[in-house]
Amino acid sequence: MATYNLKVNGKSHQVEVEDDTPLLWVLRDHIGLVGTKFSCGIAQCGACTVHINGNATFSCVTPISSVGNSEVITIEGLSENGDHPVQKAWEEVDVAQCGYCQAGQIMQAAAFLNNNPSPSMEEIDNAMNRNLCRCGTYHKIREAVALAAKNN
Amino acid sequence: MRSLTKTTRRDFLKIAGTSAGGLFIGFNMFGCDSPKVEVLSTEEVLAQAKNFNSYLSISPTGDVVIYSPNPELGQNIKTSFPMVVAEELDADWEKVRVLQAHLDTEKYDRQLTGGSGAMPHSWERLRKAGATAKFVLVAAAAKVWNVPAEEITVDQGIISHKGSGKSGHFGEFVAEAASISAPEDVKLKEKKDFKIIGTAVKNVDAKDMYTGKPLFGLDFQREGMLHAMVQRAPFGMKIKSVDENAARGVSGVKDVVVFGNSVAVVSDKTWPLLKAKKLLKISYEPDGKVESSSDHDEIFRELIANGKAEERRRDGNVDQAFSQAAQVVTAEYQCPFLAHSPMEPENFFAHVKGDKCELIGPTQTPDRARQTAAGILGIPAENVSVEITRLGGGFGRRLRADFVEEAVHISKAMNAPVKVIWDREDELTGGAYRPAVRYRFEAALDQSGTMIGYKLRGVGMNAGNSTREHNFPSGAVDNLLIESVNYESSITTNAWRAPITNFLAYAEQSFLDEVALAAGKDPVDFRLELLNRAKSNPVGELGYDVDRMIGVVKAAAEKSNWGKSPTVKQGFSVYYSHRSYVAQVADIEMENGTPTLKKITAVTDCGMVINPTGANHQVRGGIVDGMGHAMFTNLTFDNGVPKQKNFDSYRLIRMKEVPEIETHFLDTGFDPTGLGEPALPPTGGAIANAIFAATGRRLRSQPFIEQNEFSDIKLDIRRA
């Protein structure tokens, strides 16, 4: 057990956990931020995507010991009122079916657009290929990412 | 065909003035001689709300709360059910709030998600729920204003009387409405007057989903709650011994619980469990058949040839037809086991408290969850409460209650609230599967290429009847034999989105293409020829509406420009399942010498479309699902254990692997039917037939990418 001071969504949190505890479980079980989802646990599906210093990161394979002072942003902290351009585009396009993967999709898209504000459709496909959606909402995800890019 | 949408029992209206002045309206479907209105307190309503089937409340502020009883797993029922109620109520959708109802078998009928059956089952009763509420509100306004009710109009929650210039919102008439009698048969709106139904109403949980609110079972937390993970035995094995020392040594592990053939590790956090479960040393011994996929291939071959078959349907003289045939076409098709793999792994919360039990979580069958818990604990079912969370996918997996069973056992053993969590490996290895199935098809053609004989023999693993004997082409062939053989496997199998038809449709539609080719006919013309025969002179029972099937076939041919372009290689498929009709055309074009799947066109007849966004979602999602599993996904067993343990080897379709999907819906005037399943079955056939058209390779087994015929073909998938 060790003590870690984390910066999540602009707030400081102190947690006592084992060094190998993935950030995902620190967020969900220790800090109570359950918007970041567990699905595969081996960096294959993207449901657990968060931003670490602005980069889309799979939190299920990110040990807490590697996070340090980095700025962690989760779906809960992406915007204050749920009005980040990507969230707005997701609402406008009405992307979700079951909705379970969508927080990870939104975080992936937000980081991607931050680095590439005017992507081609092919670039959108490449970026979003990291995240699985079992319901098959891929067409809508693609449309929403393009809309967010256009509106911003 | 039998209509499943009729409300066969008389509605009984109950209206209650509440202490807050609200109006509760529920509909009793059973056994009352005449409708009547009772004025009750809220407590009385709750206590007496027997056999209610639909439930809404209106506050004095005019706000409407609509309870949605059926579990929501992405089929959009939590949005579409309330749309129907609000339509007949003429509510202002902006003032409608939707709540997920808890399990209540006395209030609600068929509170489950499965078989694409919710909308056809509830369509009429949902409409009556809204219409009856509107009737009493209008009557109340007429009484207050002293004007004839028939002169009153309602629009977006506002009741108006033109002559007197009076108007007010629903809430203003709630108290008066409690004294109004409802008619025996309330008048429903004309479909042409619908304002909410048919519009793209947004998902009611959208904001919560996109901001990370705790909606799903896995998100549920309670003070003092323990977490548990379970190691289950391989299929056909039982526990011989358990060495739990290393698992207990993991920091944070509180206990190890052995029950039945399972071993649970318990902690107040999740990460220690993921580590400890791997450290359990359990040895097993055989307790039945310990099966491998290679055994299954042998079993299939043997049972197709010599298995004891159950005759499902026989028309005419099959032997004679085949002996007189000018040409016989035979082919066998096989699919593998598949897991359901919802993105949210299985989980459930249970708190056993003496002779009571509280259950919370994602289930497609809340009543089964309740009965399961009651059975384990030996307590009456009414002592078990079930709260339904949003489900992060289901695909049939959450029809089962094995995860509920585990949560109840562990909560009882620990005497504490417990949430059982499965990880992906649990989901793939300890699950319940779409069974592997093999089909043998035989067709007899006469000189003119008319199909005079048709035989289908299905062999399924725990699949029960692996055929759908009254589906097309039954009814269109004079001499027909449909048989099913069942093999009892020790591997747990379960309904998987569009049970049986998820593979049968592909096999049948691919085989019909083979027959059309042998007959020298265009695949669409060949299907229409059969359908016209079934229409003009049907043979025996028809499980489908021929005109509706012809409708989607013709529309899909037209919308896809079937056969019009020499460079576009197309594959056709059509299937009727779960009361809806879907025809699909896959387009493959050669790009730089590579066959490239560019587009799938789908035409659906599901009767009236409630919500175009939701309908599009279900059709596209079904196609993506059908395509992904047909092309990529395989689950194989080695001594009772699946070899594919996570998404690195269990391959699901991704963003870059889906073509353009164009959807069309036919407005045939029929009442709405469900869409959770019907778009999936035709997809594999459309793609396989297009691959054949483009490459000359016939794919008779899934997944396509693992077949020898496909090994030297690189199929690109690209959207326009």
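This is a predicted model: local features need pLDDT of at least 70, side-chain atom pairs count only at pLDDT 80 or more; totals for chains, interfaces and linings use all residues.
Figure 1. Setting aside neighbours within four places in sequence, Ala350(B) is in contact with Cys357(B), Leu359(B), Ala373(B), Val404(B), Ala407(B), Val408(B), Ser411(B) and Val418(B). Ala350(B) belongs to the largest nonpolar core, which has 215 residues. Together with Ala228(B) and Leu359(B), Ala350(B) touches the most other members of that core. Helix H13 of chain B, residues 501–519, gives the most to this core, with ten residues.

Figure 2. Gly354(B) and Val258(B) are 96 residues apart along the chain, and their C-alpha atoms are separated by 21 Å.

**Figure 3. Chain B as a whole.** Chain B contains 17 helices and 29 strands. Its radius of gyration is 28 Å, close to the 27 Å that the globule rule gives for 720 residues, so chain B is as compact as a globular protein of that length. The C-alpha trace of chain B spans about 80 × 70 × 50 Å along its principal axes. Of the 720 residues in chain B, 57% are buried. Among contacts in chain B with a separation of 6 or more, 77% are between residues 24 or more positions apart.

**Figure 4. The contact between chain B and chain A.** Chain B contributes 46 residues to the contact and chain A contributes 44 residues. On the side of chain B that touches chain A, helix H5 (206–210) and helix H16 (612–631) of chain B each supply at least two residues. H16(B) provides the largest share of this side, six residues. By class, the side of chain B that touches chain A divides into 18 nonpolar, 14 polar and 14 charged residues.

**Figure 5. The two strands of a hairpin in chain A, S3 and S4.** Strand S3 (residues 49–52) and strand S4 (residues 55–58) of chain A pair in the antiparallel sense over four bridges. Within this pairing, His51(A) stands opposite Ala56(A) in S4(A). The hairpin has two residues between the strands, and Asn53(A) in this hairpin takes a positive phi near 50°.

**Figure 6. Domain 1 and domain 2 of chain A.** Domain 1 of chain A covers 2–77 and domain 2 covers 85–151. Taken over C-alpha atoms, the centres of domain 1 and domain 2 of chain A are separated by 21 Å. The contact takes 14 residues from domain 1 of chain A and 13 residues from domain 2 of chain A. S3 and S4 of chain A, the strands of the hairpin in the previous view, each supply at least two residues of the side of domain 1 that touches domain 2. S3(A) gives the most to this side, with three residues. The side of domain 1 of chain A that touches domain 2 of chain A has six nonpolar, seven polar and one charged residues.

Technical notes. Residues are numbered from 1 along each chain as its sequence is written. Chains are lettered from A and ligands numbered from 1 in the order in which they are written. The radius of gyration is taken over C-alpha atoms; the globule rule is 2.2 Å times the number of residues to the power 0.38. A residue is buried if 20 or more other C-beta atoms lie within 10 Å of its own, exposed if 12 or fewer, and partly exposed in between; C-beta atoms are placed from the backbone. Two residues are in contact if their C-beta atoms, placed from the backbone, lie within 7 Å. Two strands pair if DSSP finds at least two bridges between them. Ala, Val, Leu, Ile, Met, Phe, Trp, Tyr, Cys and Pro count as nonpolar, Asp, Glu, Lys and Arg as charged, and the others, Gly among them, as polar. Domain bounds come from an automatic or database domain assignment. A nonpolar core is a set of buried Ala, Val, Leu, Ile, Met, Phe, Trp, Tyr and Cys residues joined through C-beta atoms within 7 Å.
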